[in-house]
Amino acid sequence: MTESKKPDDKLGKIRKEIDKLDAAIQQMISERARLAVQVRDSKGAAKGAIDYFRPEREAQVLRGVLDRNKGPLSDNEMLRLFREIMSACLAQQEPLKVAYLGPEGTFTQQAVNRHFGHSVHALSMPSIDDVFERVQAGDADFGVVPVENSTQGIVSHTLDMFLLSDLKICGEIELRIHQNLLTLAKNVTQIERVYSHEQSLSQCKSWIRSHLPGVELIAVGSNSEAARRVRNAPEAAAIAGRSAAEVYGLPVLFSDIEDRPDNTTRFLVIGRQIFAPSGLDKTTLLLSGHEGPGLLYNLLKPFQQHGVNMTRIESRPARHGKWAYVFFVDLEGHAEDKNIGAALADLKKVSKLSRVLGSYPRAILETP
């Protein structure tokens, strides 16, 4: 009889240790929140969370979390836990207001939660223009918009908005995109049409060709709109993320149907100022040069001369004439770095326009 109780005794001791740890963790989280209040108070009377929010500091804290993590929790889980703690501490007085390309249930909303945590006030906007306008007007502290997908390329409208706005890039988010077939149908033979955003349809075209040949494909404004349309239509299906399935109460018939397993979308965080270096940063420039031979060479030469690594360049039609173009360039480093500062100084001598759109912490990549 005594022997049979030993496993239960051992389990009871483990549970007591867990209870002690839970109490200690809660106490430490509360102490962290009190220290966050002291940080806020030390900066004087602030109007809101934006006045003491520092993305470079948050990036440094999260990198420290990754450096210290030895398991058994994954890096992704550990980052998620700390992000939510930081988000809750920041929101004690007033949460950050973050506008995003909606509606609710989109991948952009997932990017907001990934970057800012769930303790922000997320504002769903119907268009990229509206996100920019709300941030510009001060109705939102930050905005989140998609800028490129690893398989479908650039979101040109986001880049074009920087030609019309003086907002800054304050951060970036890289989100692994998993597409799912949401439907009330019990099997694919009952599905007559599929709704989704045109990019999501393109990201799943091989899967659709293989599993739903001949089915009508209907592009809509967002994946959430697709899910809304099929929630009462058992003969239809939507391609969307799991968050849309939860919002609209739709079963997932097939999951992870994207053609490429590394399908990733990059989002930009936009705001009204450039923040200090975090130690591992990226700078985005808007450039245009004087017409004639060697235009692009002259714009890029200062980066090579000062040892600045360029990671990306995109051209877009300019607003000042036919066949005139501007260039969006991503660099490794912060505008306050000595080598980038020197390159920018030389760039002014050879360019018609050289504008720093933002210097911001590099995205913390999601591990598989």
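How close do the axes of helix α2 and helix α3 come, and at what angle do they cross? In this predicted model, the axes of α2 (residues 55-68) and α3 (residues 75-90) come within 10 Å and cross at roughly 145°. The crossing of α2 past α3 is right-handed. On the α2 side the contact is built from E58, V61, L62, V65 and L66, while α3 puts in D75, M78, L79, F82, R83, M86 and L90. Sorted by class, this contact of α2 with α3 holds nine nonpolar residues and three charged ones, with no polar residues at all.

Stepping back to the whole chain, there are 12 helices and 15 strands. The C-alpha trace spans about 90 × 60 × 35 Å along its principal axes. Of the 368 residues in the chain, 44% are buried. As for how the chain meets itself, take the contacts with a sequence separation of 6 or more: 77% of them are between residues 24 or more positions apart.

Helix α11 covers residues 295-305 and helix α12 covers residues 338-350; their axes come within 9 Å and cross at roughly 160°. That angle is why α11 counts as roughly antiparallel to α12, the cut-off being over 145 degrees. Here too the handedness can be given: α11 passes α12 in a right-handed crossing. From α11, the residues making the contact are N298, L299, P302, F303 and Q305, and they meet A343, D346, L347 and V350 of α12. The class tally for α11 with α12 comes to six nonpolar, two polar and one charged residues.

Helix α12 also carries A342. With a relative accessibility of 27%, A342 counts as partly exposed, since that class lies between the 20% and 50% limits. A342 has H306 at 7.0 Å in space, C-alpha to C-alpha, although 36 residues separate the two in sequence.

Next comes helix α10 (residues 242-248), which is where S243 lies. Is S243 buried or exposed? Its relative accessibility is 17%, so S243 counts as buried, the limit for that label being under 20%. The side chain of S243 is joined to that of Q110 by a polar contact of 3.0 Å. Once neighbours within four places in sequence are set aside, the residues in contact with S243 are G105, T106 and Q110.

For L250 and T189, the sequence separation is 61 residues and the C-alpha to C-alpha distance is 18 Å.

Notes
Residues numbered from 1 in each chain as written. Predicted model: local features only at pLDDT ≥ 70, side-chain atom pairs only at ≥ 80, totals over all residues. Heavy atoms only, no water. Axes fitted to C-alpha atoms, helices over the stretch in contact; angles between N-to-C directions. Helix = DSSP H or I, 4+ residues; strand = E, 2+ residues; numbered from the N terminus. Parallel < 35°, antiparallel > 145°, perpendicular 65-115°, else oblique. Left-handed = near helix turned anticlockwise from the far one by under 90°. Contact = heavy atoms within 4.5 Å. Nonpolar A, V, L, I, M, F, W, Y, C, P; charged D, E, K, R; others polar. Buried < 20%, exposed > 50% of the residue type's maximum accessible area, 1.4 Å probe, protein only. Polar contact = N/O pair within 3.5 Å; in protein donor to acceptor, adjacent residues only side chain to side chain.
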